[in-house]
Amino acid sequence: ASSCNGCISQYVHVPVKSGDVVVAFVALSPQSVYSRIIGAKYDAGFLSSLASPGMTFQQRFAYTRNPGSGDGTLAWEEYAIATYTGTATITGTVNSTMAAWSMIAYSITGANSTNPFDSNPSLPSSDFNDCNQTDGCSVFYSSTNANDMVLAMIGSQGGPAITAPPGYTMIAQSN
């Protein structure tokens with residue numbers, strides 16, 4: 001995990017084995033750009049690229065619209081298949097030096113590298129909720145396969161500490 005406030009690029013190192021599914025999640029606060037640049041649009045900051053030597057990242061989803069009541073965090077999830085064993089350096093780049101953003105990446109050994117995500121068309125690839133301490137957040141759905149891995153990313157700006165619920169494992173935190 002890595003985060004920065006006011007940098008155009010950052011990187012994370014991830015141990016990989018050939019054939020691992022490597023997932024990278026990027027979250028950017030457009031409010032950080034909006035509040036620092038006079039006349040900037042609210043959505044002025046965007047992920048420009050995500051790269052690692054020997055891997056080609058594919059976007060799984062991009063949530064790039066203002067969800068409403070919160071700070072309008074933008075989020076991207078991309079994945080690649082590791083082509084070697086060792087340490088991957090994943091570099092993310094955004095289009096503004098005024099952005100506050102975080103990047104978390106991890107590798108999954110033993111996942112189906114040909115079709116890493118459940119193919120059930122009724123499952124959402126993402127469910128982005130803009131919630132608060134009063135309402136809380138919940139996402140409900142069922143997977144198709146018995147051995148599916150459920151990935152959940154939770155962002156909090158100034159909220160309480162986030163902990164993994166029973167049955168889940170916290171992979172990383174980035175502030």
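Going along the sequence, the pattern reads β-β-β-α-β-β-β-β-β. Before you zoom in, note that this is a predicted model, with local features needing pLDDT of at least 70 and side-chain atom pairs counting only at pLDDT 80 or more, while totals for chains, interfaces and linings use all residues. Residues are numbered from 1 along each chain as its sequence is written, and side-chain values use heavy atoms, with hydrogens and water left out.

**Stop 1: the 5-strand sheet.** Which order do the strands of the open 5-strand sheet take? Select them and you can trace β1-β8-β3-β6-β5, with antiparallel pairing; two strands pair if DSSP finds at least two bridges between them. β1 (2–5) and β5 stand at the edges with a single partner strand each, so one side of each has no neighbour in the sheet. From one strand to the next, the twist averages 15° (axes are lines fitted to C-alpha atoms, for helices over the stretch in contact, and angles run from 0 to 180 degrees between N-to-C directions).

Click on F61, and you'll find its bridge partner in β6 is E77.

**Stop 2: the aromatic pairs.** F25 and F61 make a tilted pair, 6.5 Å centre to centre with 55° between the planes. This pair links distant parts of the chain, as F25 is in strand β3 (residues 21–29) and F61 is in strand β5 (residues 58–63), 36 residues apart. Both F25 and F61 are buried, meaning under 20% relative accessible area, with exposed over 50% and partly exposed in between (1.4 Å probe, protein chains only).

Next, select Y79 and F117, an edge-to-face pair at 4.9 Å centre to centre and 75° between the planes. Y79 lies in strand β6 (residues 74–81) and F117 in the segment after β8 (100–108), so the pair ties together parts 38 residues apart in sequence. Y79 counts as buried at 14% relative accessibility, and F117 is buried too, at 18%.

While you're at F117, bring up R60. R60 lies over the face of the F117 ring, 3.8 Å from the ring centre; the rule asks for NZ of Lys or CZ of Arg within 6 Å of the ring centre and within 35 degrees of the ring normal.

**Stop 3: the 3-strand sheet.** Switch to the open sheet of 3 strands, ordered β2-β7-β4 with antiparallel pairing. Its edge strands, β2 (9–16) and β4 (47–51), each pair on one side only. Select β2 with strand β7 (residues 86–94) and you have an antiparallel pairing over 8 bridges. Pick out Y11, which stands opposite T91 in β7.

**Last stop: zoom out.** Across the 175 residues of the chain, 31% are buried.

Key:
Rings of Phe, Tyr and Trp (its six-membered ring) pair if their centres lie within 6.5 Å; planes under 30 degrees apart count as stacked, over 60 as edge-to-face and the rest as tilted. Helices (H or I, at least four residues) and strands (E, at least two) are DSSP runs, numbered from the N terminus.
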